[in-house]
Every structure is written in structure tokens, then in C-alpha cells.
Amino acid sequence: MNRIQGGVFQQDNARPHTADVTQHTLQSVDMLYWPARSPELSPIEHVWDIIGRQLQPHPQPALTVPVLTDKVQQAWNFIPQTDIRHLLDTMHARLHACIQKSGGYTGY
């Protein structure tokens, strides 16, 4: 992580982030501390949610990794670009709402 010049990493105190080994590793890294249980603002997390909702109604679950990979790829390919554009275009509003709510629930 130290190789990323000027990088700042987000820390929300999620369970994996509080492990001793993680805390030791993060000592020399610039951190942006984030309120626990705050809304996920990363657009990719919202994309994964879209994919998950597309996969949920499938009558037969994927039983192997290749089948799951194929289903995820198909779901990814069918995400409308308007949905992706909306996520990017609303980033400023989502950040503002999160700041206004001090990291609490924003509705996004």
C-alpha cells in the first residue's frame, strides 16, 4: 500500500479492518476514517448490488464457479449504461448527503 504515492485509504472499522495484523499494516498508511455502518458510497458496490438482484430470481443456483462466473458476466453485460451513468452523476449528491447525516443513513 505504501507504493501508491499520495494514496489515502478508507477505514470504516469493519471487523476485518480491526484485526491486529491489519492494524499493524495500516500504521504507516494515511487513513480516512469513516463512521461505522455508514452507507457504501463506492459506485462499484452499487453495481454489485444490481448484479445480485439480477441473479436472485434465477430458479436454479449456480453450483460451480464457472457457472457462477458466467451468470455474473451475463448480469454485468445487461446493466443499462444509464444505471452506471446515474451512479456516477449522483456521486456528489451522495457524498453531500453522507456529510449532512454525519455518516448516518442517507437513503442512497
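**Charged pairs, core and loop**

User: What is the relative accessibility of Asp-49?

Analyst: Asp-49 has a relative accessibility of 41% and therefore counts as partly exposed. Buried residues have under 20% relative accessible area, exposed ones over 50%, and partly exposed ones lie in between (1.4 Å probe, protein chains only). Please keep in mind that this is a predicted model, in which local features need pLDDT of at least 70 and side-chain atom pairs need pLDDT 80 or more, while totals for chains, interfaces and linings use all residues. Residues are numbered from 1 along each chain as its sequence is written, and side-chain values use heavy atoms, leaving out hydrogens and water.

User: Which side chain meets Asp-49 in a salt bridge?

Analyst: The partner is Arg-53, with a distance of 2.9 Å from N to O. A salt bridge here is a side-chain nitrogen of Lys or Arg within 4 Å of a carboxyl oxygen of Asp or Glu.

User: Why can such side chains pair?

Analyst: Side chains of opposite charge can pair when their charged atoms come close. In this case, Arg-53 and Asp-49 are separated by about one helical turn, because they are 4 residues apart in helix 2. Helices (H or I, at least four residues) and strands (E, at least two) are DSSP runs, numbered from the N terminus.

User: How many salt bridges are there by this rule?

Analyst: The count comes to 2. Arg-85 is partly exposed at 47% relative accessibility, whereas Asp-89 is exposed, with a relative accessible area of 53%.

User: Stepping back, how many helices and strands does the protein chain have?

Analyst: The protein chain has 5 helices and 2 strands. Along the sequence, their order reads β-α-β-α-α-α-α. The chain has 108 residues, of which 22% count as buried.

User: Which residues make up the largest nonpolar core?

Analyst: That core has 7 residues: Val-47, Ile-50, Ile-51, Leu-55, Ala-75, Ile-79 and Leu-87. Helix 2 supplies the largest share of this core, with 4 residues. A nonpolar core is a set of buried Ala, Val, Leu, Ile, Met, Phe, Trp, Tyr and Cys residues joined through side-chain atoms within 4.5 Å.

User: What is Ile-50 in contact with, leaving aside neighbours within four places in sequence?

Analyst: Ile-50 is in contact (heavy atoms within 4.5 Å) with Ile-79 and Asp-83.

User: Where is Trp-48, and what is its relative accessible area?

Analyst: Trp-48 is placed in helix 2, which covers residues 43-55. Its relative accessible area is 46%, so Trp-48 is partly exposed.

User: A change of topic: is Thr-90 buried or exposed?

Analyst: Thr-90 is buried, with a relative accessible area of 15%. Its place is in the loop between helix 4 and helix 5 (91-100).

User: Which backbone oxygens lie by a polar atom of its side chain?

Analyst: The backbone oxygen of His-86 lies 2.8 Å from a polar atom of the Thr-90 side chain. For the backbone oxygen of Leu-87, the distance to a polar atom of that side chain is 3.4 Å.

User: And how far apart are the C-alpha atoms of Thr-90 and Tyr-108?

Analyst: They are separated by 9.6 Å, while Thr-90 and Tyr-108 stand 18 residues apart along the chain.

Definitions and conventions
Polar contact = N/O pair within 3.5 Å; in protein donor to acceptor, adjacent residues only side chain to side chain.
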